Amino acid sequence: MSTTRKTVTGFTIFELIVSMAVAAVLAALALPSFAEFIDDNRLRGVATELVSDLNLARAEAIKRNARVLVCPKVGNSNCASNANVKWNEGWIVCYDADADGKCDAGTDSDPNPIRSVNPMPAGVTLEASAADVRYTATGSTTGQVVWDLAGSTSKVKRTITAAGTGSVSLLKK
């Protein structure tokens, strides 16, 4: 009767510690770029939403043959009146048929504001060169407005411009 010895294969504790140290170093190297990736995606999402809402406001102004506002939000349905206000609390798209610079009262069949956007994600700042954008019945604006969008960790910034003609552009810096 012969006895055979089974060989046990596996990792030693030293090999496990070394591999965990290598994994920790690689994770530490990847973490800053991952944070920038997340920040860049937040900026892209906010920029896309704002561009979409500006185009919606332009289309609504033409459709309604009346002025439509895009302005920073105070509360749920009011435009902020301060020109230096940051747009971080979100914005609203509303119609202003009487052209008084304020959202008109809505009805059940025609609610106002048309759209309301929630506050920005943490670390995202949105500032504009004007207190609001006013689209006329022809789809043009009453003046050019520029938004600067920045994140907390990302070196990438975005600039959104609503030209006097009403066209909207997005620039990545």
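Q: Why does aspartate 132 count as buried?
A: This is a predicted model. In it, aspartate 132 has 17% relative accessibility. Buried means under 20%, so aspartate 132 counts as buried.

Q: What makes aspartate 132 and arginine 134 a salt bridge?
A: Their side chains meet at 3.2 Å, N to O. The cut-off is 4 Å, between a side-chain nitrogen of Lys or Arg and a carboxyl oxygen of Asp or Glu. The pair therefore meets the definition of a salt bridge.

Q: Why is arginine 134 called partly exposed?
A: Arginine 134 has a relative accessible area of 25%.

Q: Which residues do salt bridges that share partners join into one network?
A: Glu60, Lys63, Arg64 and Asp110 are joined in this way. A search of the whole structure finds nine salt bridges.

Q: How do you know that arginine 44 and aspartate 40 form a salt bridge?
A: The N to O distance is 3.0 Å. The limit is 4 Å, so the pair qualifies as a salt bridge.

Q: Why are arginine 44 and aspartate 40 separated by about one helical turn?
A: They are four residues apart in helix α1, which covers residues 13-64.

Q: Buried or partly exposed: which label goes to aspartate 40?
A: Aspartate 40 is at 11% relative accessibility. The buried class lies under 20%, so aspartate 40 is buried.

Q: Which label goes to arginine 44, and why?
A: Arginine 44 has a relative accessible area of 38%. That value falls between the 20% and 50% cut-offs, so arginine 44 is partly exposed.

Q: What makes arginine 115 and glutamate 49 a salt bridge?
A: Their side chains meet at 2.8 Å, N to O. The limit is 4 Å, so the pair counts as a salt bridge.

Q: How do you know that this pair links distant parts of the chain?
A: Arginine 115 is in strand β4 (residues 115-116), and glutamate 49 is in helix α1. They are 66 residues apart.

Q: Why do arginine 115 and glutamate 49 count as partly exposed?
A: Arginine 115 is at 29% relative accessibility. Glutamate 49 has a relative accessible area of 28%. Both values fall between 20% and 50%, so both residues are partly exposed.

Q: How many aromatic pairs does the structure hold?
A: The structure holds one aromatic pair. Tryptophan 87 and tryptophan 147 form this pair, at 5.5 Å centre to centre and 90° between the planes.

Q: Why do tryptophan 87 and tryptophan 147 count as buried?
A: Tryptophan 87 is at 0% relative accessibility. Tryptophan 147 is also at 0%. Buried means under 20%, so both count as buried.

Q: What radius of gyration does the protein have, against that of a compact globule?
A: The protein has 26 Å. A compact globule of 173 residues would have a value near 16 Å.

Methods
Residues are numbered from 1 along each chain as its sequence is written. This is a predicted model: local features need pLDDT of at least 70, side-chain atom pairs count only at pLDDT 80 or more; totals for chains, interfaces and linings use all residues. Side-chain values use heavy atoms; hydrogens and water are left out. Rings of Phe, Tyr and Trp (its six-membered ring) pair if their centres lie within 6.5 Å; planes under 30 degrees apart count as stacked, over 60 as edge-to-face and the rest as tilted. Buried means under 20% relative accessible area, exposed over 50%, partly exposed in between (1.4 Å probe, protein chains only). Helices (H or I, at least four residues) and strands (E, at least two) are DSSP runs, numbered from the N terminus. The radius of gyration is taken over C-alpha atoms; the globule rule is 2.2 Å times the number of residues to the power 0.38.
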